[in-house]
Amino acid sequence: MKETEYREGLEQLSAHYLEILKLLGENPQREGLLKTPMRVAKAMQTLTRGYFEDPHKVLTDALFEEKYSQMVIVKDIDFFSMCEHHMLPFFGKAHVAYIPNGYITGLSKIARVVDIFSHRLQVQERMTQQIKDCIDNTLHPLGVMVVVEARHLCMQMRGVEKQNCITTTSDFCGAFNQAKTRQEFMNLIRE
């Protein structure tokens with residue numbers, strides 16, 4: 001979905017945000033807020049566009065037969081997502097590795113998979129697993145490992161209000177069940 005293409009329901013979302021402004025005690029007729037309900041509605045559709053994209057198709061659209069069977073790593077993939085509990089952003093970097101089993105995919109497609117799953121209401125743990133499962137189920141590699149590091153505004157702006165916390169999650173399968181292979185991946189993403 002391009003920034004200028006919006007889904008059905010945009011007007012309804014805008015109307016709900018108008019009501020939210022009123023419930024918060026604001027005057028939605030104030031100059032600075034006149035266009036806010038529609039702006040927020042458009043932003044939310046953009047931030048949740050991942051529901052309408054197929055990550056499996058992204059991977060298979062650039063699938064190539066290749067006899068390479070060593071680790072392929074795409075690291076430091078920036079992402080932004082929305083915590084499903086508070087609808088506040090969390091953001092950081094994803095590091096993804098897979099060991100091909102006869103087929104490789106375009107490197108940018110790995111970043112696109114991260115993008116698709118991050119553009120949904122999420123929890124970091126599930127997002128990490130969804131990225132791993134998608135690559136594993138689509139490419140059928142010898143192994144997949146995903147590490148996600150993120151800052152959560154729901155922890156920084158409210159609740160515990162801890163500014164320097166970073167949450168790290170990981171998930172892996174196949175060849176990455178071996179500690180030596182996992183350690184190689186971890187060493188490579190830290191370099």
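The model is predicted, with local features needing pLDDT of at least 70 and side-chain atom pairs counting only at pLDDT 80 or more, while totals for chains, interfaces and linings use all residues. Residues are numbered from 1 along each chain as its sequence is written, and side-chain values use heavy atoms, with hydrogens and water left out.

**Salt bridges**
- A salt bridge here is a side-chain nitrogen of Lys or Arg within 4 Å of a carboxyl oxygen of Asp or Glu, and the count comes to 12 salt bridges.
- Arg49, Glu53, Arg112 and Asp115 join up in a network of salt bridges.
- Lys93 and Asp78 pair at 2.6 Å, N to O.
- Lys93 sits in strand E3 (residues 89–99) and Asp78 in strand E2 (residues 72–83), so this pair ties together parts 15 residues apart in sequence; helices (H or I, at least four residues) and strands (E, at least two) are DSSP runs, numbered from the N terminus.
- Arg30 and Glu26 also form a salt bridge, at 3.1 Å from N to O.

**Buried or exposed**
- Buried means under 20% relative accessible area, exposed over 50%, and partly exposed in between (1.4 Å probe, protein chains only).
- Lys132 is buried at 9%, and its salt-bridge partner Asp133, with closest N and O atoms 2.8 Å apart, is partly exposed at 26%.

**A look at Ser118**
- Ser118 belongs to helix H4 (residues 107–118) and is buried, at 1% relative accessible area.
- Beyond its neighbours within four places in sequence, Ser118 is in contact (heavy atoms within 4.5 Å) with Phe79, Phe80, Ser81, Met82 and Met127.
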